[in-house]
Amino acid sequence: MGFFDRLFGVEPQEETVEERRVADTEFAEEDDATLRLREEELDIRKDRVKTGEVVLHKDVVEEQQRVAVPVAHDEVVIERRVLDHAPSSEPITEEETVHIPVTAERVEVDKHTVVREEISAHKREVQETENVDEVLHKEVARVETDGEAVVTDDVDAYR
C-alpha cells in the first residue's frame, strides 16, 4: 500500500514483505517524504492511600504509693516526788480525781484528681523524593546512504 492509498483511504489488503519493500521504495521516490518519530513520556500521578492509623486512648493503671507521715500523740508521764512530810489540813477522801486529756494525731487519707499533663496529636505533611526507574522507548531516524548520495542534516530547523 503506497502513501496515496493511505491518504485517500483505500482499504489495506494483506501485504507480503516484498510488496511492503516496493511500497517503501515507491514512497521514497517522491520529492518530499515525512517520517514521524515517536517517543514515550512518563505520565506520573500520585494517589493518597491509607498506610496506617494512630489511635490515642488512655488506660487506668494502679500504683502503690507509700508516704511517711509524721504523727504525734500524747503520753502521760507520772512523776513521783518524795515530800518532807509536811502536815496537811485536808482530810483523806476517795473523791479527788484528776482528768488529763490525751490526744493523738490520726492519719486520714482522701484522694482528689488533678490534671497532670496534656497530650495532643496532629498530622504534618513531610516531603520526600522517591526515585522512579522506567524504560522509555522512542523512535529515532537512521539515514542510510547508498553510493554517492549526499545528505544534509538541518538540525537548526528544530530550534
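Mentor: A residue is called buried under 20% relative accessible area, exposed over 50%, and partly exposed in between. Glu 39 therefore counts as partly exposed, at 48% relative accessibility. Please keep in mind that this is a predicted model.

Trainee: What does the secondary structure of the chain come to?

Mentor: The chain has 2 helices and 0 strands.

Trainee: And what percentage of the residues is buried?

Mentor: Buried residues account for 1% of the 159 residues in the chain. The chain exposes about 19,100 Å², and carbon and sulfur atoms supply 48% of that area.

Trainee: Which share of the contacts between residues at least 6 apart in sequence joins residues at least 24 apart?

Mentor: That share is 79%.

Trainee: Back to Glu 39, then. With which residue does Glu 39 form a salt bridge?

Mentor: The partner of Glu 39 is Lys 138, and their closest N and O atoms are 3.9 Å apart. Both Glu 39 and Lys 138 lie in the segment after helix 2, so the pair ties together parts that are 99 residues apart in sequence. Lys 138 counts as exposed, because its relative accessibility is 55%.

Trainee: How many salt bridges are found in the whole structure?

Mentor: A search of the whole structure gives 7. One of the 7 joins Glu 139 to Arg 38, with the closest N and O atoms 2.8 Å apart. Glu 139 and Arg 38 are likewise both placed in the segment after helix 2, so this pair ties together parts 101 residues apart in sequence.

Trainee: Are Glu 139 and Arg 38 buried, partly exposed or exposed?

Mentor: Glu 139 is partly exposed, at 31% relative accessibility, whereas Arg 38 is exposed, at 54%.

Trainee: Why can such side chains pair at all?

Mentor: Side chains of opposite charge can pair when their charged atoms come close. A further salt bridge is formed by the side chains of Glu 79 and Arg 81, at 3.8 Å from N to O. Glu 79 is exposed at 60% relative accessibility, and Arg 81 is exposed at 66%.

Trainee: Changing topic: which residues make the nonpolar surface patch?

Mentor: Val 67, Val 69, Val 71, Val 107 and Val 109 make a nonpolar patch of about 470 Å². Val 71 is in the segment after helix 2, a helix that spans 17–28.

Trainee: What about Val 54? How far apart are Val 54 and Ala 121 in space?

Mentor: Their C-alpha atoms are 9.3 Å apart, while 67 residues separate Val 54 from Ala 121 in sequence. Val 54 is in the segment after helix 2 and is exposed, with a relative accessible area of 73%.

Trainee: One last point, on the backbone. What is the phi of His 85?

Mentor: His 85 has a positive phi of about 55°, although it is not a glycine. Most residues other than glycine have a negative phi. His 85 is located in the segment after helix 2, and His 85 is exposed, with a relative accessible area of 74%.

How values were computed:
Residues are numbered from 1 along each chain as its sequence is written. This is a predicted model: local features need pLDDT of at least 70, side-chain atom pairs count only at pLDDT 80 or more; totals for chains, interfaces and linings use all residues. Side-chain values use heavy atoms; hydrogens and water are left out. Helices (H or I, at least four residues) and strands (E, at least two) are DSSP runs, numbered from the N terminus. Buried means under 20% relative accessible area, exposed over 50%, partly exposed in between (1.4 Å probe, protein chains only). Contact means heavy atoms within 4.5 Å. Accessible areas come from the Shrake-Rupley method with a 1.4 Å probe; for residues, only the protein chains shown count as cover. Patches are made of residues with over 30% relative accessible area and no salt bridge: like charges are joined within 9 Å, nonpolar side chains (Val, Leu, Ile, Met, Phe, Trp, Tyr) within 5 Å. A salt bridge is a side-chain nitrogen of Lys or Arg within 4 Å of a carboxyl oxygen of Asp or Glu.
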